[in-house]
Amino acid sequence: MRFWDHGSAQCRRLEHLLCATIVVLKLLVLYGAWGHLQGFDAGSWLEVFRVTHWFEPLPPPRALLASYHPPLSYLLARLIFWALPNETAASQVVSTLALLGAFFGLRMVLRRIGWLYSLSGLWLLYGGFSLPLFVWLAVETGYDGLILTWYMLAFAASVSLFWQPVRWILGCRFRVVVRLLALTTLLAVGLFTKYNGLLAFALPFTIVLVRRGLLALAKEAWLPLCVATVALTIVAPLYYSRYYKTEHEWMPAAMEWQKTGELAQIRAKRDIFPRKFLTDMLRIPTESIVDAKRPVMNSFVHSIWFHIWKRDKWLGIQTEPSLTVSNFYVRVFPAILAIGTLLFLFWPRFGRKDWRHLGWVMMATMILFTIGAVAFAWKYPIWGWRVFKAKYMSPAILWVAYATAMPLSLQRFSLRPSVVRQVAEATALIALFTFMLVNHVLPVY
């Protein structure tokens, strides 16, 4: 008897068990962190929250350190605060709900394309949302958990619309319109939460391009363009009156007025040797991540990899045994990431089409967020502000989970002898459950 049959009733029951388990684990992490303020910008977030209310004027962008951000994260927390009058706990409830929303968004994507009930799908979904960074994001006071939510839900809406060509026959018309309205709303609320919500606008175009090619994109782009135009029209009044009219920029940042002199000096140095400045940001540093208590802040690679697995000392000292587990991941996952990425790029004939298409969309997400992070650091190279943070590009971090799941998706895997396959499948499932349990129960961060 085979241990595992993809899509079988046994597989479905296991997935439902894992789903219930991760929800409980997220709630346990919330319980353990209840009321303990944490986050790089948690203090400044609370300052803005205290003066932000529904149906009242918003604080000006320069009034407080973080008041330049769009207001939705504060307003959603205000809804929780009415029922739970604890500022920190209210923000943490929003973050936990956000991570659960993002989780169910990716779950909808995998179910839609037929990969939810598979080993690779389970590792992508449950391994991805058990990454130490994602465990911590669920209790952070901040904006970035919500950005992950809107992005993954927009991903799900885009897949439901554009994974197959849009069908306008009578029976499908109402569902198409509802999904278009949902995608438009999700794109708009992303921009009402934070500037990098803009990156989600690329999702429908990417999906059409990956699934059907450049010619199909030219023919079908009108519909995503309409969605993007309506979403931008919804948010334009806020951005115009709040930012462009007062700051003469559509997306201003506090560093422009908080660090004017320092910013001018660093930009002048940058412009003397721009290529060296860029390559220095993208270098693979010689400094050890295992021995470090904080990342090398002007290195994109060091900072992002550090923040996925380890706790920056700015957030507090990471204690044992959590630190030991984090350092184990820091050592092991570079090889896993490299192997999975190389298999994806150079062994396409072994992959199944839907899984590979999902991978190209996720790789495009990783590339887009990487370009955004580097462009932001180029414009605002104030390293003391930690401009490179993995939480700023959380949708891109899911590539780590995809690369980990990649070997499990290969067709050749199913051609191995029955006993070997059963042992490999059992090992993969045990490793997944252990990864989930350890990272949430310690928790690892």
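**Backbone, helices, surface and cysteines**

Pro321 is found in the loop between α14 (300–309) and α15, where helices are DSSP runs of H or I with at least four residues, strands are runs of E with at least two, and both are numbered from the N terminus. The model is a predicted one, in which local features need pLDDT of at least 70 and side-chain atom pairs count only at pLDDT 80 or more, while totals for chains, interfaces and linings use all residues. Residues are numbered from 1 along each chain as its sequence is written, and side-chain values use heavy atoms, with hydrogens and water left out.

The peptide bond that joins Glu320 to Pro321 is cis, with omega at about 0°. A cis bond also leads from Leu442 to Pro443, with omega near -20°, and Pro443 has its place in the segment after α18 (418–441). Most peptide bonds are trans, and most residues other than glycine have a negative phi.

Positive phi values are found in the loops as well. Phe55, in the loop between α2 (42–50) and α3 (72–83), has a phi near 60° although this residue is not a glycine. Arg386, in the loop between α16 (353–379) and α17 (394–409), likewise is not a glycine and has a positive phi of about 50°. Phe55 is exposed, with a relative accessible area of 81%, whereas Arg386 is buried at 7%; buried means under 20% relative accessible area, exposed means over 50%, and partly exposed lies in between, with a 1.4 Å probe and protein chains only.

Helix α10 deserves a separate look. Its 26 residues (222–247) have end C-alpha atoms only 33 Å apart, short of the 38 Å that a straight helix would reach at 1.5 Å a residue, the expected span being 1.5 Å times one less than the number of residues. A kink of about 45° in α10 is centred on Tyr240, the bend at a residue being the angle between axes fitted to the seven residues ending there and the seven starting there. The buried residues of α10 include Val227, Ala231, Val235, Leu238 and Arg242. An α-helix has 3.6 residues a turn, so residues three or four places apart point the same way. After α10 comes His248, with a positive phi near 60°.

On the surface, Leu342, Leu345, Phe346, Trp347 and Trp360 form a nonpolar patch with about 490 Å² of accessible area together, as given by the Shrake-Rupley method with a 1.4 Å probe, where for residues only the protein chains shown count as cover. Patch residues have over 30% relative accessible area and no salt bridge, with like charges joined within 9 Å and nonpolar side chains (Val, Leu, Ile, Met, Phe, Trp, Tyr) within 5 Å; a salt bridge is a side-chain nitrogen of Lys or Arg within 4 Å of a carboxyl oxygen of Asp or Glu. The largest share of the patch, three residues, comes from helix α15 (residues 322–346). Leu345 lies in α15 and counts as partly exposed because its relative accessibility is 33%.

How many disulfides does a search of the whole structure find? The search finds zero, a disulfide being a pair of cysteine sulfur atoms within 2.5 Å. Cys11 lies in helix α1 (residues 9–33) and is buried, with a relative accessible area of 2%. The closest cysteine sulfur to that of Cys11 is in Cys19, 13 Å away, which is too far for a bond. Cys226, by contrast, is partly exposed, with a relative accessible area of 41%.
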